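Good morning, colleagues. Please look at the sequence and the structure before I take you through a few selected features.

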Amino acid sequence: MKDETAVGTTRRIYAALKAQILEGTYGAEALLPSTRALAAELGVSRTTVTAAYEQLLSEGFLESRQGARSRVARLADRHGTGSAATSGRQAGHRVQEEGRPPDVRLSRLGAALRDGPVWMPSASSRLIADFRYGDLSATDFPDKAWRQAVNTTLRRRRPRLAYEHPAGSSSLRSALQAYLWRARGLRCEAEQIVVVNGSQQGLDLAARVLVDPGDRVAIEDPGYVMAHRVFAAAGAEVIPVAVDAEGLRTDALERVADARLAYVTPSHQFPLGSVLAARRRQELLAWSRRTGAYVLEDDYDGEYRYDIRPIPPLQTMAPAENVLYLGTISKSLSPMLRLGYLVVPPPLFPAFAAAKQLIDRHSPVLEQEALAAMIASGAYERHIRKSRRNNGRRREALLTALKAEFGDQVTISGADAGLHVVVWFERLEKTEESALVAGARAAGVGLYPVSPLYAAADAGHRPDRAGIVMGYASLEAAEIAKGVAALAEVLRNCTTAPLIA
C-alpha cells in the first residue's frame, strides 16, 4: 500500500510541475527547487520528488547538470518560434485578444469532409416506432450460431499471431466464393475477393484505386448519399443520372462518355427499389466496354427478395470484365460487425489488395474466421432464410397498415425486395416533407424524407409529392401498426387540408 501511495504522490508532483512549466510559471532556464527542499516543503520523501524530476527530465521538460539544480528546458511556443515557455503563455493571450482561433490547416480531403453530416445516434428508445432504414432487429441476430462460430475459431490455436493477407483470410474468401455461386450465381476465384470493413470501405477503396481528382463518376439520382460523398471527397466530378421505374436511365450515360466509373444498385435501386431492366443492363455493360469505364455494382441487400429468386448480379452477364461487385453482411447479419467484400476483375486485384494493406493492414481476423465457419456449416444461409421470413412478415405488416390507414392516398415503391419502402403522399407537396417529419417526430414516430437522397432539389425527374423512406427491419408488427396509426393521426390533425377523414 505504501508503494502505491508513493507512486500516486509522484504522479501528482510530476503533473503539477509539468503544468506550471507549460503555463510559464517556471520560465525557460528557471531553476527548480532542489529535491531535498521540495520534499521538505511537501512533506514527502526525497525519493518521491526525485522520481517526479526524473520523469520530467526524460520527457525533455528539464535539463540537468552534474552537481547543479535542475533547470527548465527551452520549449517552442504554440506558434513554433522556439521561444521560452513564457512566450507560449503570452502568445495564448495574444490569440485570445485577437478574438479568433488559430488557423486549421486541412488537406483537400479534410476540407471536403469538414462540413459534411456527422453520425447521429438512433432515437428509437424515445419513439413509438422509428422507421429508420438500415437498422436491423437485434432479436434476429443468431446469437447461438455466432457464438459457436467464434468458439470454433478460437479453438483453432495458431502457432503465432501475425498479420493476415490484406485481402482477407483464405478461409473466408474460399467460403465467400462458394456462397456467391450458390446464392447469387456469381462465378469468381477466391483470388478476386477482397474482404473489407463493410461496403463503405469498399467504396473508399474503389475511389482510391480507380478515380483521380477531376475524373467523372456517374451515380444514380436519387441514390446513396455516402457513395456520393466518397467520390466527391476523392476529387471526382460526380454526375447524377436519373432513375425511373426500370432503374438507371442508361440513355443518359451518353453525356458522361468520358466517365471513369459508374456506381449502380441494379438489383434493388436505392432508395426507389426498381430493378435495372435486362435491356438496360446490356446497355450499361456495352457503355462500359465502349468507354473503358468501370461499373461498381453495390448489392447491398440482394438476399431479400420476397416474390421471386434474388435478381442475378451484373457479373453473371457475359461479358462483364469491367464490373466490380460489392457485397456486405450489414443487412444479412449485423452492421456492427463491419464486414463486406469486393469481387474485382483479376487485373485489379493486386492494386486493391495493396490499397487495403496501406489503409489498415487487413480486417479483423477473428470475425472473418467466424463468418467463414458460419458459411461452411450452413448456419449463415439458414439465418438468411429465417431473416427473410421475419422481414417478409414485417413488410406485410407495414403494407397492410399503410393500406388500412391511407388507402389509395399513398403510393408505395420498392416493396418487392429489400428492407425499406418509399411512401409517396399523393396530397402532400414535396415542400411539406419537413413539416411531416417534424410532426411525426413530435408524435413519437421517426420518419426520414426522400429529398436528401436526390443530388439536386430541383431535379426534373423528382416527383412533386412528399416522399418518405420507411425501413421496417428493426421493428415488430405491433410497433409498425402503432407507428403508422400515429402517423395517420398526425396527418388528420396537422394539415390544413386533412389527408384522411
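Is Arg-338 buried or exposed, or does Arg-338 lie in between? Arg-338 is partly exposed, at a relative accessible area of 33%; buried means under 20%, exposed over 50%, and partly exposed in between, with a 1.4 Å probe and protein chains only.

A word on the basis. This is a predicted model, in which local features need pLDDT of at least 70 and side-chain atom pairs count only at pLDDT 80 or more, while totals for chains, interfaces and linings use all residues. Residues are numbered from 1 along each chain as its sequence is written, and side-chain values use heavy atoms, with hydrogens and water left out.

Let us stay with the backbone. Most residues other than glycine have a negative phi, and most peptide bonds are trans. Arg-338, although not a glycine, has a positive phi of about 55°. Arg-361 is not a glycine either, yet has a positive phi of about 70°; Arg-361 is partly exposed, at 39% relative accessibility. Turning to peptide bonds, Asp-221 and Pro-222 are joined by a cis bond with omega of about 5°. Another cis bond joins Phe-270 and Pro-271, with omega of about 10°.

Finally, the sheet. Eight strands form an open sheet with mixed pairing, in the order β4-β11-β10-β9-β8-β5-β6-β7. Because β4 and β7 each have a single partner strand, one side of each is left without a neighbour in the sheet. Strands here are DSSP runs of E with at least two residues, numbered from the N terminus, and two strands pair if DSSP finds at least two bridges between them. Strands β8 and β9 pair in the parallel sense over 4 bridges.
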